[in-house]
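Hi,

Here is the structure I promised to pass on to you.

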Amino acid sequence: MSGVIMLQMSRFATRKLLQQWNINCKNPVRLYQLSGLTLMRSQRKLVCKNVFEASLFTHVRLGVTSGPRCVWTNFRASTPFTFYSTSTHSRQAAEHAGSEVKTNDKPGQVSTNDFKKLLQLAHPERWRLSAAVSFLVVSSAVTMSAPFFLGKVIDTVYSNSSEEFTSSLTSLCIMLAGVFLCGGAANAARVYLIQVSGQQIVRNLRESLFSSILRQEVGFFDKTRTGELINRLSSDTAIVGSALTDNVSDGLRSIAQAGAGVSMMFYVSPSLATFVLMIVPPMAGLAVIYGRYVRSISKQTQDALAQAMQLAEERISNLRTVRAFGKELTEVQTYAEKVDYVLRLAKKEALFTAGFFGVTGLSGNMIILSVLYKGGLLMGSEHMTVGELSSFLMYAFWVGISIAGLSSFYSELMKGFGAGTRLWELMERKPEFPLNEGVVLRPEQLKGALEFHNVSFAYPTRKDVLIFQNLSLTVPAGSVMAVVGSSGSGKSTLVSLLLRLYDPDSGMVTIDGHDIRNLNAYWLRSRIGTVSQEPVLFSCSIAENIAYGASDPSQVTTQDILRAAQIANAHDFINGFPKGFDTVVGEKGVLLSGGQKQRIAIARALLKNPKILLLDEATSALDTENEFLVQEALERLMQDRTVLVIAHRLSTIQNADAVAVLDQQHVVECGSHAQLLTNQDGLFRKLMERQALLHADPKLALAK
Ligand SMILES: Nc1ncnc2c1ncn2[C@@H]1O[C@H](COP(=O)(O)OP(=O)(O)OP(=O)(O)O)[C@@H](O)[C@H]1O
């Protein structure tokens, strides 16, 4: 398989973009250059390594213009492909092209912007963190003064000739015990404050991330994997929180202790200190390399984990389908491959970590050995006392621990930046349509007349497949419009456009003459009720599911819920359950039958009391009694509202005020049931005849 990439932009911008894209491919990619890319001209064939997965990469033609707007032309991709980029332009373009967007953090590269954002997260916790830092200063001062005083104790013990020996030793030890007690208390206070701040930051991050996710337009969810979002919400937030608190606190402690330790080493013995510190620069270099590597591999691991989680989540939530197809073993195998990849990355990290800690451990011991050797010589020449050598050793030990702490501080901080980049990418993403901005009509202004004016539309993920082209349709206020058409003709898409889940590419959808793009989307949806073919209920009680329809569920009384359930013909079956309205319906309402779910969804829509109703009739057959009960409930729900119903039943089509027939990207016929039947060559008549034949002889109908 091969692909063609067409680039139309300045030489500099192209080179930069290619660097950022990290374009890699197992297969040869032919690069055609349209303007000034000499670098690539000679390389008609470019063999790259890994990112464009060959299996996903079929045929891609990109037309890119440089400058503030990134206009994409000639883009054709039959399957979405992975697109790695850090530049805003190319990222927007990738989204525009319907590809999955990933940031390509180059290992170890942290911008000041990233740093500022991390600091901003910690800003609300500044007082608690400042208090924690004060306690940190106290506890570190105690820790670092300990070797000095312990050295004094040792010297006192060695000079035990005087009478005052016992009393001075006792008072020194009592004083030291008091100091250590203060240090312990300060350390406990520091840990408590840091942990609380960390949890608070994680909580705030999760809230704003969740809010940002829920604000995104539906098109975003068409191209973003749920598992990836969940992973960001659960694990990335925790990583950032701990990087900012526990890690910074440990890092600061390490810095303070390393600084104090080194100073004390020079104070105790400058010559020994100079000798020992020669080892520090190479160790620091090693730590930086290690930190960079950890950052890059941690990002890869997180991405791989997100993929595994996505698979697990989708298969577990659709277990019935997996079971019905007997795919348990295949799914386990696929999942195992994904977690194997995570394991391979973890092993790589483990190998590197093992090497790093092996080298640091060895260096630590070698330092101690050399200090003992050189210190022994100094003691022999009476340039040092035994207490001083002991103090020095303890300081060297603390400095070693602090430097090891610093290296893990650095790698954890890098992990935090990696996770932070993924979070900010999502939190800063501006939804295509704002949720709560725009015109709100007064109740008396809203009549419910719907109109599609020359609407053309293609889904953002498949820009090259037009669903509607210059489609026009009028639904007068208070009327019932049935929409019919073959499968895939775009009936549900009409509903999505009315709910403003997507915007038309051209033309407009109006309600009472107002372009819905100018209306407040939140208000608009609160005035539209929907009952879909397979209503989704939440895993809570029946009463809560019904109350969900109201704009403020806390204001809904039990009486309201009972009345809605009665009108929706749901009251009797609900009361048949031992827990009645408190019955929990299971995930997505799995504990209820299709007909029962539909009637609860109708009760939910009734409680919303919308002016406009969008119905998608169930195609799946219900038993006669259930069908009658659902139908009756729907008829009650439809009273005094403008209704657009995707109709599958003849009775619905016959009872509607008008019927619109969708075909070939627009409305081909519109009129009453009787009028449309008179058109001998009309599509509606053919559809009806076909449906009648399907009932009588399905084989013959399909053959036709
Ligand atoms: N989120 C989406 N992203 C991309 N394409 C989509 C999306 N949803 C639907 N489509 C495509 O749009 C076309 C119209 O789909 P739609 O669901 O509106 O048809 P429909 O008439 O309601 O079909 P059915 O009667 O089978 O429910 C189909 O070709 C479908 O594959």
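According to the unreviewed UniProt entry, the annotation "transmembrane region" covers residues 127-149, 169-193, 275-293, 350-372 and 392-410. UniProt positions are given in the numbering used here, feature names are shortened, and such annotations may be inferred rather than shown by experiment. Bear in mind that this is a predicted model: local features need pLDDT of at least 70, side-chain atom pairs count only at pLDDT 80 or more, and totals for chains, interfaces and linings use all residues. Residues are numbered from 1 along each chain as its sequence is written.

Over residues 169-193 the chain is 100% helix and 0% strand, with the end C-alpha atoms 36 Å apart. Residues 350-372 are also 100% helix and 0% strand, and there the end C-alpha atoms are 32 Å apart. Helices (H or I, at least four residues) and strands (E, at least two) are DSSP runs, numbered from the N terminus.

The protein chain has 25 helices and 17 strands. Of its 704 residues, 32% are buried. "Buried" means that 20 or more other C-beta atoms lie within 10 Å of the residue's own; "exposed" means 12 or fewer, "partly exposed" is in between, and C-beta atoms are placed from the backbone. Among contacts with a separation of 6 or more, 77% are between residues 24 or more positions apart. A contact is two residues whose C-beta atoms, placed from the backbone, lie within 7 Å.

Start with Cys182, which is found in helix H6 (residues 165-215). Cys182 is partly exposed, because it has 13 other C-beta atoms within 10 Å. Leaving out residues up to four places away in sequence, Cys182 touches Val138 and Val142. The C-alpha atoms of Cys182 and Ser139 are separated by 7.6 Å, although these residues are 43 apart along the chain.

Next is helix H10 (residues 270-277), whose buried residues are Leu272, Ala273 and Val276. They cover an arc of only 100° around the axis, so they sit on the same side of H10; the arc is that of the directions from the helix axis to the C-beta atoms. What do the buried residues of H10 pack against? They pack against helices H9 (246-268), H13 (328-380) and H14 (386-427).

**The strands**

Two strands pair if DSSP finds at least two bridges between them. An open sheet of 4 strands has the order S9-S8-S11-S12, with antiparallel pairing. Strands S9 (466-475) and S12 (514-515) stand at the edges, each with a single partner strand, so one side of each has no neighbour in the sheet. Strand S8 (residues 450-458) runs antiparallel to S9, and 6 bridges join them. Leu450 stands opposite Val475 in S9.

Now find strand S15 (residues 642-646): 5 of its 5 residues are buried, so it is largely enclosed by the rest of the structure. Thr642, Leu644 and Ile646 are buried on one side, and Val643 and Val645 are buried on the other.

Strand S10 (residues 480-485) pairs in the parallel sense with strand S16 (residues 658-663) over 5 bridges, where Val484 has Val661 as its bridge partner. S16 is joined by 5 bridges to strand S17 (residues 666-671), and these two run antiparallel. The S16 and S17 hairpin has 2 residues between the strands, and Gln664 takes a positive phi near 50° there.

**Around the ligand**

How many residues surround the ligand? There are 13, and the closest are Tyr459, Ser487, Lys491, Ser492 and Thr493.

Happy exploring!

Conventions. Near = placed C-beta within 6 Å.
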